[in-house]
Amino acid sequence: MGNCAIVGINWGDEGKGRMVDLLTEDYDVVVRFQGGGNAGHTVINEKGKFALHLLPSGIFRDGVVNILGNGVALDPENLWKEMNEVMAQGVSLTPENLKISNRASLLLPWHRDLDGLEEQRLADKKFGSTKQGIAPFYSDKYQKKTILAGELFYRDHLLSHLADLMEWKNLTLTKVYGAAPYTMEMLEKWLDEACEKIKPFVCDTGAWLKDASANGKTILFEAQLGSLRDLDYGIHPYTTSSNTMAAYAPIGSGFPAAKITDVVGVVKAYSTCVGEGPFVCEMFGDEAEELRKAGFEYGAKTGRPRRVGPLDIVATRYGVEVQAATEIALTKLDVLSYMDKIPVCTQYELNGEKIDRFPFPVALGDCKPVIEYFEGWKTDISGARTWDDLPKTAQDYVLAVEKAIGCPITYVSVGPERESIIIRK
Ligand code: GDP
């Protein structure tokens, strides 16, 4: 068996966490390779219900080693909080089963402040940031104005590096935004209360992964968010600030030579989107509220109601293409069981013309969805465990989606629990 990446095909929240939790059975290592704690994975298994933000979803399996790669936005405060929450629920986290890359950049305390200050300045032009400091963090990372986790082991060097960064950042905080400056006392408190806690987990994960791979261990790469939020390929500027693509997994994990043989793209049986930006297939009013309630579409991190719509074939086909997905996990099919007819957005209409290709982001604002309807099944399918357990109309829906997006649907998820899955291979 080779290495695998699990990625979101759409706008995120497709149910990647439940798929990683399921597939970790077959892998030895799980790596988070990008993003920060600004989104949430919900995982339900025999240990309980968990909302993970930065921790890899493999932490529930004994013997699986979990890695936070160099590509993540490592927020020591939030990570330590999340680790404590998970440990309080009986999950063991030790330097044996959780390893943090010494090359991961630290999200510094001012990144969260800057996120909030900038959204405030933008007022009604805001992007709908989760205010976790992710965009300011990545901007600073690419300016080389942040700290690597490995620097925690060099205290004198660290304090002088932090002092330089603070001097620079205080200029922006005070002169641009009129906010209060940071002091070294504040930063030393942050070092002692958050960074020192995660320090025992920091190591050279690149070397570790290389050795593990040479010894035949298999790696599962876990992405956050989805294709349409990718910095380079998403709905710019309503994207996240990192690359959510399977192609980035080897780079963001510390093992650039890693070969990925399987890319499992996760697609929800309908669409959801959090925050601002174009969402062509969006439903409104009662129809939207009913779907939102049926799928419990409220953000795992923010509790914000998600925008909802029917499955968007145009966007999904694009997501499959840019991720080079080799197979698809279709999640939350059970949520559609209440519908008489299942709407699907099969094309966009742009300037009076029907189009199949996902357009340049600016043109999305002028696109209208072309909706077709499939017959509903109107029966509870959450107990289905094999393909044959599904009603014919549900099978037809899955097969039609498979054909339209051009990628085999090998998993059909009919509930959040680990066992609520139909495997078609
Ligand atoms: P992720 O960030 O891609 O992991 O997605 P989220 O965790 O934010 O959203 C997925 C949500 O749907 C979670 O609450 C899951 O427990 C739930 N979920 C996942 N798969 C299914 C499914 O097949 N049916 C139902 N009803 N819920 C599911």
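A polar contact is a pair of N or O atoms within 3.5 Å; within protein, one of the two must be able to donate a hydrogen and the other to accept it, and residues adjacent in sequence count only if both atoms are side-chain atoms. The model is predicted, with local features needing pLDDT of at least 70 and side-chain atom pairs counting only at pLDDT 80 or more, while totals for chains, interfaces and linings use all residues. Residues are numbered from 1 along each chain as its sequence is written, and side-chain values use heavy atoms, with hydrogens and water left out.

View 1. A polar backbone atom of glycine 15 lies 2.8 Å from an oxygen atom of the ligand, and a polar backbone atom of glycine 415 is 3.1 Å from an oxygen atom of the ligand. For serine 413, a polar side-chain atom is 2.4 Å from a ligand oxygen atom. The ligand taken alone exposes 580 Å², of which the protein buries 90% (accessible areas by the Shrake-Rupley method with a 1.4 Å probe).

**View 2. The shell around the ligand.** Of the 17 residues around the ligand (those with a heavy atom within 4 Å of it), Gly17, His41, Thr42, Asp334 and Ser413 come nearest. By class, the shell has three nonpolar, seven polar and seven charged residues, with Gly counted as polar.

View 3. Helix H1 (16-23) and strand S3 (41-45) are the elements that give two or more residues to the shell, and H1 gives the most, with three residues. Domain 1 (3-102 + 202-265) and domain 3 (267-423) each supply at least three shell residues.

Note on methods. Helix = DSSP H or I, 4+ residues; strand = E, 2+ residues; numbered from the N terminus. Domains from an automatic or database assignment.
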